[in-house]
Structure formats: C-alpha cells, structure tokens
Amino acid sequence: KREWIFNDVYLGRYHTYTNNEIDVITDFKWTIEDGVYTIEYPGLENIVADKVYMIESAEEGTMLKDLDGNIIAIRE
C-alpha cells in the first residue's frame, strides 16, 4: 500500500506499507500547473523518481492518476 498526504503549503508526506507496517516514509514537494501535479522526493532522487499525476473526482471518489489515466491512489 502507498499513501500520499498533501498539505496546503506544497509539501506532503509519502509512506509505503508492507504487511501493514511502514517501510518507507519521506516528505515530498508538490506543484500544480494546468491541473497536473508534479511530486518531487528531495533526497531520494536515486530511489524514487519525480512523478507527474492528475487528481480527478468521480463517483468512486477522488483519485490520483498517472498521465495515462491509470489509478495510482484513491482517497480514503
């Protein structure tokens, strides 16, 4: 499981879980331009590449999608 927590000052926290335990936790920076979010993981450039996503609201909920339309996360 992966989790992104966005806040309103263009920062956030990213977690990954294995067997319900956090195995990666890091802060990230985010920007938005024309509805496209770019997430940067300072200090982890060699482990996690910068990512580009869209956030979309639908009946199923608010979703984080890659630019190909693949669902990356659903807001819980």
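Select Trp-30. Leaving out residues up to four places away in sequence, Trp-30 touches Phe-6, Asn-7, Tyr-10, Leu-11, Gly-12, Tyr-37, Thr-38 and Ile-39. Contact here means heavy atoms within 4.5 Å.

Before moving on, know what you are viewing. This is a predicted model, in which local features need pLDDT of at least 70 and side-chain atom pairs count only at pLDDT 80 or more, while totals for chains, interfaces and linings use all residues. Residues are numbered from 1 along each chain as its sequence is written, and side-chain values use heavy atoms, with hydrogens and water left out.

**The core.** Which residues make up the largest nonpolar core? Select Trp-4, Tyr-14, Phe-28, Trp-30, Tyr-37, Ile-39, Tyr-41, Tyr-53, Leu-64 and Ala-73: ten residues in all. Strands β3 and β4 (36-40) each supply at least two residues of this core. A nonpolar core is a set of buried Ala, Val, Leu, Ile, Met, Phe, Trp, Tyr and Cys residues joined through side-chain atoms within 4.5 Å. Buried means under 20% relative accessible area, exposed means over 50%, and partly exposed lies in between (1.4 Å probe, protein chains only). In soluble globular proteins, nonpolar side chains tend to be buried together.

**Strand β3.** Now colour residues 21-33, which form strand β3. Ile-22 is found in this strand. Is Ile-22 buried, partly exposed or exposed? Ile-22 is partly exposed, because its relative accessible area is 44%. Beyond its neighbours within four places in sequence, Ile-22 is in contact with His-15, Thr-16 and Tyr-17. Next, draw a C-alpha to C-alpha distance from Ile-22 to Glu-33. They are eleven residues apart in sequence and 31 Å apart in space.

Ile-32 also lies in β3. Its relative accessibility is 40%, so Ile-32 counts as partly exposed. Ile-32 and Tyr-10 are 22 residues apart along the chain, yet their C-alpha atoms are separated by 8.9 Å.

**The whole protein.** Zoom out and show the cartoon. The protein has zero helices and seven strands. Helices (H or I, at least four residues) and strands (E, at least two) are DSSP runs, numbered from the N terminus. Along its principal axes, the C-alpha trace spans about 30 × 30 × 25 Å. Finally, colour by burial. Of the 76 residues, 25% count as buried.
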